[in-house]
Amino acid sequence: MPDDKPKAPGADAWDATQWHEVQKGETLSKIAQKYYGDPSLYTKIFEANKDTIKDPNLIRIGQKLRIP
Amino acid sequence: MLRKSSRFALVILACGLAVGCGKYKRLADTAIKTADTAVASAGDDVVKYATDQWQPIVDAVSSAKASYAKGDYKAAIASLQDIGPKIQAAQAAASAKKTELENAWTNLSGGLPQMMDAIKSRVDILSASKKLPAGMDKAKLESAKSGLAAATSDWSAAQDAFKAGKLTDAIAKANSVKDQATQIMQSLGMTPPPAAAAAK
């Protein structure tokens with residue numbers, strides 16, 4: 001979820017969020033398969049990106065997703 | 001048998017020496033007392049954070065006292081030459097070092113929990129996975145889990161050291177945790193944050 005709190009200088013340098021840029025033909029299930037070995041865990045990716053994904057079946061090429 | 005004039009000259013000489021010795025003795029006494037007071041009021045930080053500059057000061061005071069005990073008052077005074085400015089310089093160096101260490105701690109204590117949280121999240125999800133991703137096996141996952149437990153324990157020790165005022169120790173422990181967390185992230189196929197790769 002977006003963090004509205006002002007960050008300390010250099011705070012982004014410690015950001016440990018893992019990101020994935022959606023490629024052509026990818027789905028949340030395929031992305032979950034890649035990172036977790038289990039496509040059914042796509043729900044974890046969906047939950048982590050609820051601010052940008054309204055429908056787990058609809059993701060765009062180039063979209064940046066958090067991978068928890 | 002000395003002539004009367006020689007005896008008188010010797011007495012005058014002895015009196016002169018006594019006066020001179022008395023003056024240097026008083027000066028040495030004052031210098032040592034002043035130095036002792038300055039050393040006692042310098043504070044703990046100067047001992048902790050400017051050891052290299054502080055030890056010579058302590059040695060100089062000890063040397064002055066040893067010279068005084070032997071009656072070498074001029075040597076005692078010489079040992080304490082510029083002791084005041086040296087103490088001030090050591091205090092300034094200690095203050096700067098302490099600030100540097102505090103800033104380093106603020107940096108590490110803001111970032112390390114984020115790394116640990118990211119690792120825990122990934123480990124938890126992988127533990128729930130029916131099959132592990134390519135490049136990952138059970139042994140690697142177990143190693144990441146035990147590594148995370150060790151890093152968590154070490155992080156707790158780092159925080160305890162900080163609370164106890166042991167800044168140097170706290171930062172050394174925190175940097176060790178940073179290295180451990182970086183290694184674990186890499187073993188899980190994760191990308192460590194840029195700050196983790198920065199110089200200590």
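Colleague: Before we start, what counts as a helix or a strand here?
Modeller: This is a predicted model, and its elements are numbered from the N terminus. They are DSSP runs: a strand needs at least two residues of E, and a helix is H or I with at least four residues.

Colleague: Thanks! In which order do the elements of chain A run from the N terminus on?
Modeller: Chain A comes to 2 helices and 2 strands. Taken from the N terminus on, the order of these elements is β-α-α-β.

Colleague: And what percentage of the residues of chain A count as buried?
Modeller: A residue is buried if 20 or more other C-beta atoms lie within 10 Å of its own. Of the 68 residues in chain A, the share that counts as buried is 22%.

Colleague: Let's turn to the interface. Which element gives the largest share of the side of chain B that touches chain A?
Modeller: The contact involves 22 residues of chain B and 16 residues of chain A. On the chain B side, the elements giving two or more residues are α5 and α8 (194-197). The largest share, 11 residues, comes from α5(B).

Colleague: How many nonpolar residues does that side of chain B have?
Modeller: Sorted by class, the side of chain B that touches chain A has 3 charged and 7 polar residues. Its count of nonpolar residues is 12.

Colleague: Now for α6(B). Which elements do its buried residues pack against?
Modeller: Helix α6 of chain B covers residues 138-163 and reaches 38 Å from its first C-alpha to its last. Its buried residues are Ala144(B), Ala151(B), Trp155(B), Ala158(B) and Phe162(B). They pack against α5 and α7 (167-187) of chain B.

Colleague: Are α6(B) and α7(B) roughly parallel or antiparallel to each other?
Modeller: Their axes lie 8 Å apart, and the two helices pack at an angle of about 165°. Angles over 145 degrees count as roughly antiparallel. The pair α6(B) and α7(B) is therefore roughly antiparallel.

Colleague: What is the handedness of the crossing of α6(B) and α7(B)?
Modeller: After α6(B) comes Gly165(B), with a positive phi near 85°. As for α6(B) and α7(B), their crossing is left-handed.

Terms used: Residues numbered from 1 in each chain as written. Chains lettered and ligands numbered in written order. Predicted model: local features only at pLDDT ≥ 70, side-chain atom pairs only at ≥ 80, totals over all residues. Buried ≥ 20, exposed ≤ 12 C-beta atoms within 10 Å, placed from the backbone. Contact = placed C-beta atoms within 7 Å. Nonpolar A, V, L, I, M, F, W, Y, C, P; charged D, E, K, R; others polar. Expected span 1.5 Å × (residues − 1). Axes fitted to C-alpha atoms, helices over the stretch in contact; angles between N-to-C directions. Parallel < 35°, antiparallel > 145°, perpendicular 65-115°, else oblique. Left-handed = near helix turned anticlockwise from the far one by under 90°.
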